[in-house]
Amino acid sequence: NNETSHVVSVVLSVPQDKVDSGAESVQLPCRALVNLLQVSTVKWTDWENRKVHVYQDGSDRPEEQDEFYRNRTKMKKDLLKIGDFSLTLKHPTVRDRNTFTCRVYNREGRVLMEKDVKLWVKGQFKVFMLS
């Protein structure tokens, strides 16, 4: 279904004298197509089914995150009021090239909505020669 699929492209152009991507971030879009009163949990996962971000019963659940994404994700405040489940991924690198899935659940654990977002990260990196 083309209506539920998005491609987000971010280009990281890292200067040759600097390899830290710094404050770069990318937003993976996911807007509610469901009754917000029914929403209990929002889970973002990657193609390996690792938990990228979990929001449940009014707050984030960082303890459920995969270590690779720890301290790198953010969802909007009052997301159940504004109906925006988009995810901000900080410091994206080529390792983040991925298909991410946003799933929205009700209190019974039934999936109310599912959406895939493809992220393509193009990086430019300095090569260090070790002697």
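## Placing Ser40

Where is the place of Ser40: in which loop, between which strands? In this predicted model, look in the loop that links β2 to β3, with β3 covering 41-45.

Despite its loop position, Ser40 is buried, because its relative accessible area is 6% and the cut-off for buried is under 20%.

Ser40 and Glu108 are 68 residues apart in sequence, yet their C-alpha atoms are 8.7 Å apart in space.

## The sheet that β2 belongs to

Back up the chain to β2, the strand on one side of that loop. Here you'll find an open sheet of three strands in the order β2-β7-β6, paired antiparallel. The edges are β2 (25-28) and β6 (73-75), each of which pairs on one side only. On average, neighbouring strands in this sheet are turned by 25° against each other, ignoring direction.

## How the strands line up

Take the β2 side to begin with. β2 pairs with β7 (residues 87-90) in the antiparallel sense, over four bridges. To get your bearings there, find Leu28, which stands opposite Leu87 of β7.

On the β6 side, three bridges join β6 to β7, again running antiparallel. Met75 has Leu87 in β7 as its bridge partner. That makes Leu87 a handy landmark: Leu28 stands opposite it, and Met75 is bridged to it.

Methods. Residues numbered from 1 in each chain as written. Predicted model: local features only at pLDDT ≥ 70, side-chain atom pairs only at ≥ 80, totals over all residues. Heavy atoms only, no water. Pairing = 2+ DSSP bridges. Helix = DSSP H or I, 4+ residues; strand = E, 2+ residues; numbered from the N terminus. Axes fitted to C-alpha atoms, helices over the stretch in contact; angles between N-to-C directions. Buried < 20%, exposed > 50% of the residue type's maximum accessible area, 1.4 Å probe, protein only.
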